[in-house]
Amino acid sequence: MLEKINNLKAQIEGLTASNAAEVEALRIKYLSKKGEVSLLFNDFRNVPVEQKKAMGQALNELKNIATDKINALRDAVESVDTAVEGLDLSRTASAIKLGTRHPLSLVRNEIVSIFSRLGFSIADGPEIEDDWHVFSSMNFPADHPARDMQDTFFIQRDPADVLLRTHTSSVQSRVMEKTQPPIRIICPGRVYRNEAISARAHCFFHQVEALYVDRNVSFADLKQTLLYFAQEMFGPATQIRLRPSYFPFTEPSAEMDISCNLCGGKGCSFCKHTGWVEILGCGMVDPNVLEACGIDSKEFTGFALGMGVERITNLKYQVKDLRMFSENDTRFLDEFQSAH
């Protein structure tokens, strides 16, 4: 009997199983009531009295070995099943490199998020536009240089001008034509201008413009909005400065500078040692624009502002060459993985 026990022990120690069904079959074969280990316990009654102690210890040891082996096989196949359960067997065996968001998308989304917290909603419009929505409704005079072929991409000149929009102000005019105040919108989008491509300029770029029209909107409202945006975008220590300027669609108009976020306003090569960096243009909506879009300028006032997304991205991430944004160089894009 001892020889049977030893043979069965060696057999059990060499058991293998690849799935739960095979483990259960082994359990039945060795540990069920009619299993091989149980049958040896039935033969125990025939063992001479002087051998019962040694045989009993050997049988108990065999049963423990069989139980531990079956449990170990069951745990092994269950861990494999769990690992395979969430595995996509259609995936390629080679590693897939995860992509990143484009830096312009990161900055545009952040700008939109800041203005959304102020109650601005997103408005969109076509990139192929007509003269009215791009120029005439925005109070551009007929002889304005922006209407020249040297500055604008015209698709068709006669009988009506069709062109690639030069700013997202065309979205503002479309919204004002169809909506009565209060209007509070933000217009992100791509725009096109006939400029030579260089490290500082491109023939297409991205803008975000904002428009707020309601009763009693003042320049003080504009200034507070700009201060909130600058401090949310560049940090609470950021200061702003407004300088008089000119735009056909706003009066009065201003350009806004922020304290240089690299030197803290002390002066460096990036801010040309002035301590200030220009980031956007703004002003109160010209009454002629409101009237052209069907809004009573005697009852309503408003402010508008616009910024280049590339410009803001340059300030946040110190990207000095605008061409990098459109070259699809994955080495450049990989630098923004942690900025998500």
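Why does Asp257 count as buried? The model is predicted, and the reasoning rests on computed accessibility. Asp257 has a relative accessibility of 2%. The cut-off for buried is under 20%. Asp257 therefore counts as buried.

Now place this residue. Asp257 lies in strand β8, which spans residues 250-259. Its side chain makes a polar contact with the side chain of Arg243, at 2.7 Å.

Seven strands form an open sheet with mixed pairing. Their order is β1-β5-β6-β10-β9-β8-β7. The edge strands are β1 (121-122) and β7 (240-247), and each pairs on one side only.

In general, strands of a sheet pair through backbone hydrogen bonds, either parallel or antiparallel. Which sense joins β8 and β9? The two pair in the antiparallel sense, over eight bridges. Strand β9 covers residues 276-285. Ser259 has Trp276 in β9 as its bridge partner. Asp257 stands opposite Glu278 in β9.

Move on to β9 itself. This strand is mostly covered, with eight of its ten residues buried. How many bridges join β9 to β10? There are five, again in the antiparallel sense. Here Leu280 stands opposite Met307 in β10.

Glu310 sits in helix α10, residues 309-317. Glu310 is buried yet has no salt bridge. Which side chain of opposite charge is nearest to Glu310? It is Arg190, at 7.1 Å. A salt bridge needs a side-chain nitrogen of Lys or Arg within 4 Å of a carboxyl oxygen of Asp or Glu. The contacts of Glu310 include Leu104, Phe205 and His206, again without residues up to four places away in sequence. Leu322 and Phe325 also touch Glu310.

Asp257 is buried and has a polar contact with the side chain of Arg243. Glu310 is buried and has no salt bridge.

Note on methods: Residues are numbered from 1 along each chain as its sequence is written. This is a predicted model: local features need pLDDT of at least 70, side-chain atom pairs count only at pLDDT 80 or more; totals for chains, interfaces and linings use all residues. Side-chain values use heavy atoms; hydrogens and water are left out. Helices (H or I, at least four residues) and strands (E, at least two) are DSSP runs, numbered from the N terminus. Buried means under 20% relative accessible area, exposed over 50%, partly exposed in between (1.4 Å probe, protein chains only). A polar contact is a pair of N or O atoms within 3.5 Å; within protein, one must be able to donate a hydrogen and the other to accept it, and residues adjacent in sequence count only if both atoms are side-chain atoms. Lys and Arg count as positive and Asp and Glu as negative; His and the chain ends are not counted. Contact means heavy atoms within 4.5 Å. Two strands pair if DSSP finds at least two bridges between them.
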